[in-house]
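User: I'd like to learn how to read disulfides in a model. Can you walk me through them?
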Amino acid sequence: MMAHTTTVSIWAFTVSLCFGVTECYFSIPLRIYPGTYNLSSGVDLTPLRLGAPPSDGNGLSLASDPTGTVNFLDMANNLQGDSGRGYYIEMSIGTPGQKLNILVDTGSSNFAVAAAPHPFITHYFNTALSSTYESAGRTVGVRYTQGNWEGELGIDLVSIPKGPNGTVVINVAAILSSSGFFLPGVNWQGILGLAYPMLARPDSSVEPFFNSVVRQLGIPDIFSLQMCGAGLSASSTADPAGGSLVMGGVEPTLYQGSVWYTPIIEEWYYQVEVLKLEVGNQNLNLDCREYNMDKAIVDSGTTLLRLPVNVFNAVVEAITRSSLIQDFSSGFWDGTKLACWVKGETPWRFFPKLSIYLRATNTSQSFRITILPQLYIQPITDVDGTLDCYRFGVSSSANGLVIGATIMEGFYVVFDRAQRRLGFARSNCAVSGGVALSEIAGPFSASDVANDCSSGSLREPLLWVISYTLIAVCGMVLIVLLLLLVLPCRRRGRSGEITDESSLVHHRIK
């Protein structure tokens, strides 16, 4: 499944020729980074967790629904949590309804809830107490390098108290056992995957939650998300920041200015096309295919902005050059150490803005989303009441670029699936001390970048040579692969794995 590429290429043909003759399930485990920091002051820091709507003529999807199925204002502020502990929404499952807090994740596609006791959660969905729960007789599991859960598939009635009006029959993964999935300090008992069926486990025949809501309630195939933890400490136990998940449209009172749209390149994750990055006013001047190596996605279940290794190194180098503080420990950049300032002295004036250029729906143009340092130099904790400590809200990734909460907390993000596009507008809650923490500008000409940044890297001459070589190798090993058919092989239906580093609130408290 995760070998899926954005275009049909000789490389894909080669892989399918070599391995498509078996029914084995090949996958790469998900790595969950625990987010442990070493403070130079010697302080022991506990690990942190963490149909189309109408248009105004300018391509803006409006918050209106003549059927009365959706009341957008009722959905405002229906989220709790923050980027470190995850943003979650209250849902009612079964008959009679059992209320649970469910993590909102645009980087996966299963609706999964705890269905057995666990020391780190206060309550769970008891399937025996629901008269409408039906087991599908299929097992399902998601396994990570540092955590996993397993359970059974079933169906039941689900409603959202602060969501669309109505009750929907939903595919539910009942989590019966887990390890490293539920963590101390989080206040959710399940996960709401809002991505496309291609990511569903154990296979794409399991209809995701939002697909079911659209089909059964008849609401437009669009949702929008506001995450309001910008600039707030992830270790705070005060009132959670919260946010809004609006299903069926967009709510204009939650953003300022215009909504700028970028095409959804591929419908599995919410994959977009990044054209360039800037640190301050300095263009990194990398080939645009570097930014989209493997993929570039928008994922609410990832805390940080995650960048391909080459891009990450270039960003750190550019920040170091432009920062007023030249002598930073490498541990700050790689996430193993915090940087601390005397309490009351904020570090943000020492750092530049970060900007990402996305291809516009008019593909000859782009627009720029920008975050101020308050969003990526993130407050974590204080030390003895005398120091305020911060982490770097950007990390390297071996599996593509991920626009996570570090960026998303600055914007109201519109997932317009009906028109296959993502929209960004300045969030009205991304403000600190009266200063907006995010900016949007455009349009800009995209003539200085490749016509297709998301897949051009596969067309390099060297990879063509490698592809043809692999075809020859496949011919030689075909007999060996055929012999492997008689060996035991994991059945695809037994369990599934999310095979990327980009999902499920990785750096949670974090």
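Analyst: A disulfide is a covalent bond between the sulfur atoms of two cysteines. In this predicted model, cysteine 228 and cysteine 429 make one, with 2.2 Å between their sulfur atoms. The torsion about the S-S bond is -95°, a left-handed link.

User: Is cysteine 228 buried or exposed?

Analyst: Buried means under 20% relative accessible area. Cysteine 228 has 14% relative accessibility, so it counts as buried. Cysteine 429, at 22%, counts as partly exposed.

User: How many disulfides does a search of the whole structure find?

Analyst: Three. Another one links cysteine 288 and cysteine 453, with sulfur atoms 2.0 Å apart and a left-handed torsion of -90°. Cysteine 288 lies in helix H4 and cysteine 453 in the loop between strand E29 and helix H9, so parts 165 residues apart in sequence are tied together. Both cysteine 288 and cysteine 453 are buried.

User: And what handedness does the disulfide of cysteine 340 and cysteine 389 have?

Analyst: Its torsion is about 100°, so that disulfide is right-handed. Here strand E18 holds cysteine 340 and strand E22 holds cysteine 389, so the pair ties together parts 49 residues apart in sequence. Cysteine 340 counts as partly exposed at 31% relative accessibility, while cysteine 389 counts as buried at 1%.

Technical notes:
Residues numbered from 1 in each chain as written. Predicted model: local features only at pLDDT ≥ 70, side-chain atom pairs only at ≥ 80, totals over all residues. Heavy atoms only, no water. Disulfide = S-S within 2.5 Å. Buried < 20%, exposed > 50% of the residue type's maximum accessible area, 1.4 Å probe, protein only. Helix = DSSP H or I, 4+ residues; strand = E, 2+ residues; numbered from the N terminus.
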